[in-house]
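Hello,

Here is the structure I said I would pass on.

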Amino acid sequence: MKNSFPRTIQSVIIVLVVAGLVMLALGGYFGSITNWFTRLTIGSQTWLSSRFLAITDFMTSPRDMASLRQRNIELEAEVSKLQTQIIELQQQVIQTDVLSALVDFARTNPENTYKAASVIGRDPSPFLRYIIINVGSNEGILRGMPVVTQQGLVGRVDAVISEAARVQLITDQNSAVNINLKNTGTKAILTGSLTGGLTLGMIAHDVLMNTNDVVLTSGLGGDFPANIIIGQVVNVSNRESDLFQTASVQPIVDFSKVEFVLVIINFQPVNINPLISTPGP
Amino acid sequence: MAILLAIPVLGFATMIQTAILSRITLLSGSADLVLVILTVWALQEKVKTAWHWAVAGGLLVGWISGLPMFIPLAGYLLVVVAARLLQRRVWQAPLLAAFIVVVVGTLISHGLVMAYLVITGTQIQFENAISLVTLPSLLLNMLLVIPTNYLVRDLARLVYRTEIKE
């Protein structure tokens, strides 16, 4: 065979075959074969690469998991911190709203001078209705000063130390406030009770009282300034067997939710006890 | 040390009492943490300072409260009396004894307050006072007994073990 095809002829044939294949390829006759080959190559490459990456992941995953866990903890801590900040900011917004309302109230009542205070506690005994506020004699608070909110009357200062004061609420059962019914001008005495309810007493039977009458301080007795709103009459009891008629009053202030109050520091309560005559022996 | 410890422990308890527990009411009743602590403290076998703690608690609460100082003082001393009497009889079941003393102590302290209010001229409807104030307070006090019992018991063990070592 070697002798029948000299080396030159073999070379020429090979060159012609290669040139023919190149010409066919350039002419696009090998497109499908090329595509198949390319797909096969890329598929193989992809498979190989994915397996390699899978093995690499498997080998390095413990380290990544640890770092991810660490990162997760950090992010959870960050989320908790941000949630705390949101709650604090919401609380501040609420406090700002309340303080803003108190400032508005003070502006609309310029005749009085106010000192704002936070409620920091309540009386330990459930029989008494007192609150403890965070201003005291250092801020000019004196015993007997009236305490209000933007809604209405709260009570009066009962005891004072340098940095705090105790306030007797009008719902305390030992509290008595002289009041005035706005619509009729009727004078009466408002007393607290064990359960925190307010009752009007000392009203003669012939006085007409209606539900929804607005109750204001009268200023009589000198304990409170006049015309501070207290609440509304919700129920009238007029039994002939009783000496006076009575009425229940719904206070306008929600005493269970009072957080900030205003102490009227320019009001001097009047002690009228020396003027009250005592029966002789 | 056990006597001095009364001031921070009862001071902190009074702060919790006025700032938190007095706002958590059931009907018109609220828990008395100082009373519960004094009860559990007085029932601990090795404790010898229950009287001092009662005086400290009474003075602290009397100073803050609108009540005259002798009312909580007398109430807490009577609670310690009840605890000491019961401790000698049911010493093997301190939790049961704590519940009994808290019931008795709450009734005694509320009875004293009601008596004082009546004497000073306040009109009290006893039915309302018992059903709306005393019984709800009793329930809240009993709820406090279990956690307080474990905390105070551990405190007593810590204090008296330290004192024995000294």
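Two residues count as in contact here if their C-beta atoms, placed from the backbone, lie within 7 Å. Please keep in mind that this is a predicted model.

The interface

On that criterion, 24 residues of chain B and 19 residues of chain A take part in the contact between the two chains. On the chain B side, at least two residues each come from helix 1 (2-19), helix 3 (50-64), helix 5 (94-119) and helix 6 (126-165). Helix 6 of chain B gives the most, with five residues. By residue class, the side of chain B that touches chain A holds ten nonpolar, twelve polar and two charged residues.

Chain B itself

The C-alpha trace of chain B spans about 55 × 30 × 25 Å along its principal axes.

Of the 166 residues in chain B, 43% are buried; a residue is called buried if 20 or more other C-beta atoms lie within 10 Å of its own. Among the contacts in chain B with a separation of 6 or more, 71% are between residues 24 or more positions apart.

Regards

Note on methods:
Residues are numbered from 1 along each chain as its sequence is written. Chains are lettered from A and ligands numbered from 1 in the order in which they are written. This is a predicted model: local features need pLDDT of at least 70, side-chain atom pairs count only at pLDDT 80 or more; totals for chains, interfaces and linings use all residues. A residue is buried if 20 or more other C-beta atoms lie within 10 Å of its own, exposed if 12 or fewer, and partly exposed in between; C-beta atoms are placed from the backbone. Helices (H or I, at least four residues) and strands (E, at least two) are DSSP runs, numbered from the N terminus. Ala, Val, Leu, Ile, Met, Phe, Trp, Tyr, Cys and Pro count as nonpolar, Asp, Glu, Lys and Arg as charged, and the others, Gly among them, as polar.
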